[in-house]
Amino acid sequence: MDVIVVPGRANPQLAESLAKTLEAPVAQVDTRTFPDGEVYARILTRVADAHAVIVQSTNPNDNLVEAMLLAEAAREAGAKKITMVVPYFGYARQDRVFQDGEAISARTAARALGLDADHLVLLDPHKEDIAEFFPGTCTIVSAVPDLAETLGEAGATMILAPDKGARDRAARAANHLGVPFDHMEKTRLSATQVRMEAKELDVDGQIVAIVDDMIASGGTMITAARQLKEQGAKRVLAACTHGVFTNDAVPRLLAGGIDAVYASDSIEGEDAILVSAAHAIASGLQSA
Ligand code: R5P
């Protein structure tokens, strides 16, 4: 079955790189937002009987709507199979009811994508359980090996997870590089003071890379970096799959003790050093 990559407006460069890796064409699309805020999507290239691979992160909300519309357009045009590649899955963190009365937003988003998409490809979702919310099949891929490779080139001698929950991801990066890893632990010193340090390893003189699934405000990384520098770390690198980077997070990270910021291209931007996830996504698609 012919593969055609259908780019959404959230990830045009990643869609191009993916198409190149897959040696597949990129569909011409007309995607726009009307003055009243409604989204319009049309696929101009013929996708009938083909495997349409839509590439679209689903944050903010308009991008989610555009992903749904592109899938609907592909279905209407007779695509035989529709795969939705979601580099950054918005709403991933609201994956359960934390307080009575809440919506499970991650489930709603996954179901909405499943109205027309048969298959879902997720890149380093916050938690892998999200896959179960999608009515079709799902493949989970990771940018961590490619990020680890880049951190190795930058001289990282140790990988840290900012908390226990991120330990598996850090372990994968460390194993890829063959360097030690640990997670950080927060100790409350007083009502206003916390201390974060590597639980087991000594960071003195090390080039430490902190690896997380996402950086939003940068608060987690900045707090960690300050403490690691106080504990003697030579350099602190911040790496994540999803560079959400709210409120000028990258300049603040660089001013706050981080020496370099790395992110995958799941969210396209110019502030951080981007490592393409195209190869990871292509491998996932080919093995699905
Ligand atoms: C939290 O569970 C995530 O894995 C990240 O650690 C968090 O979202 C980072 O947020 P911020 O950059 O705002 O500290």
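Which residue has a side-chain N or O atom 2.5 Å from an oxygen atom of the ligand?

Modeller: Happy to! The residue is Thr220: an N or O atom of its side chain is 2.5 Å from a ligand oxygen. Before going on, please keep in mind that this is a predicted model, where local features need pLDDT of at least 70 and side-chain atom pairs count only at pLDDT 80 or more, while totals for chains, interfaces and linings use all residues. Residues are numbered from 1 along each chain as its sequence is written, and side-chain values use heavy atoms, leaving out hydrogens and water.

For Asp213 the distance is 2.6 Å, and for Arg93 it is 3.1 Å. On its own the ligand has 380 Å² of accessible area, of which the protein covers 77%; such areas come from the Shrake-Rupley method with a 1.4 Å probe.

The shell, meaning residues with a heavy atom within 4 Å of the ligand, consists of Arg93, His126, Asp212, Asp213, Met214, Ile215, Ala216, Ser217, Gly218, Gly219 and Thr220. By class these are three nonpolar, five polar and three charged residues, with Gly counted as polar. Strand S11 (207-215) and helix H6 (219-230) each give the shell at least two residues, and S11 has the largest share, with four. Helices here are DSSP runs of H or I with at least four residues, and strands are E runs with at least two.

Stepping back, the ligand sits in the largest pocket, in the sense that more than half of its atoms lie within 2 Å of the pocket's grid points. A pocket is an open set of points on a 1 Å grid over the protein atoms alone, where a 1.4 Å probe fits and protein lies on both sides within 12 Å along at least five of seven lines; lining residues have an atom within 4 Å of a point. The volume of this pocket is about 620 Å³. It is lined by 31 residues, and those closest to the centre are His126, Asp163, Ala166, Asp212 and Asp213. Two or more lining residues come from each of strand S7 (137-141), helix H5 (167-177), strand S9 (181-188), S11 and H6. In total, the lining holds eleven nonpolar, eight polar and twelve charged residues.

Key
Polar contact = N/O pair within 3.5 Å; in protein donor to acceptor, adjacent residues only side chain to side chain. Points joined across faces, edges and corners; volume = space filled by probe spheres on them.
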